[in-house]
Amino acid sequence: MSPQTQSEPTPEGNDTVSELQARLIAEQKRHHEDFKQFAYAVSHDLREPVRMIVSYSQLLDRRYHSLLDGEGAEFMRFILEATERMDRLLSDLLTYSHQFRTFDQPLESADAEAALAGAILMLDKTVRESGARVTHDPLPTVNFDFAQLTQLFRQLISNSILFHGADPPRIHVSASETQDAVQFSVRDNGIGIDPQYHEQIFGIFKRLQGRDIPGTGMGLAICKRVVEQRGGKIWVESEPGQGATFHFTIPTV
């Protein structure tokens, strides 16, 4: 009896792999649709009643403020601050849920200098009021979503302005190329971040400064999701009082 020989892969086997890949993509699209439905629920079903509370609280405050004693006025302020913060949280949660890319979604060429210019324009009022100065080296064109790249620059620059030190914010954006990626860096002269929090700050709702500084704690989580969805990574190098440099990579292969 002759020994059995190992059979070669058959075309049917290749077809099976293709079918599995197709089912995986279809399943991911289904989850994407679930995320979109969730986003709609957040933006409409949850935000609408919160906005109603905000509107009527403001109306009550304007109409009856003179009738409130000191304690009553303080209670009203707490209500307004809490509901306005909830609206911002829901807005950022909606943005976070939209950062989802399917396997078959094509990438596009994005001019990083144009994206940075767009981000600075969106922050024009904040930049002027803070006395911030944003400079940059020549920046390349990369395979990325232009709107998301603009969002990344906007969030990182906004953070640098928000957490500035005694001097006006000074922010510099640069880029360098490695063998398989472009690395962008956003450096500032702000208050800096203790190394023990370098990972924590990218978590959802993580706020190191408490409620003294405005924000929802979602900004860097959104940045992390955007970068990692595109196959890159994001991290920070910083020490207290030494400013911070945020780096993120965009793969080129």
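Is Phe202 buried or exposed, going by its relative accessibility?

1. In this predicted model, Phe202 has a relative accessibility of 7% and therefore counts as buried, given that the cut-off for a buried residue is under 20%. Phe246 counts as buried as well, because its relative accessibility is 5%.

2. A search of the whole structure finds 4 aromatic pairs. One of them is formed by Phe184 and Phe248, whose rings are stacked, with 5.2 Å from centre to centre and 20° between the planes. This pair links distant parts of the chain, since Phe184 belongs to strand β5 (residues 181-188) and Phe248 to strand β7 (residues 244-251), 64 residues apart. Phe184 and Phe248 are both buried.

3. Phe202 and Phe246 form an aromatic pair that is edge-to-face, with 6.1 Å from centre to centre and 80° between the planes. Phe202 lies in the loop between β5 and α6 (219-229), whereas Phe246 lies in strand β7, so this pair ties together parts of the structure that are 44 residues apart in sequence.

4. Returning to the stacked rings of Phe184 and Phe248, a reader may wish to note that these two residues form one aromatic cluster together with Phe153.

Terms used: Residues numbered from 1 in each chain as written. Predicted model: local features only at pLDDT ≥ 70, side-chain atom pairs only at ≥ 80, totals over all residues. Heavy atoms only, no water. Phe/Tyr/Trp six-rings, centres within 6.5 Å; stacked < 30°, edge-to-face > 60°. Helix = DSSP H or I, 4+ residues; strand = E, 2+ residues; numbered from the N terminus. Buried < 20%, exposed > 50% of the residue type's maximum accessible area, 1.4 Å probe, protein only.
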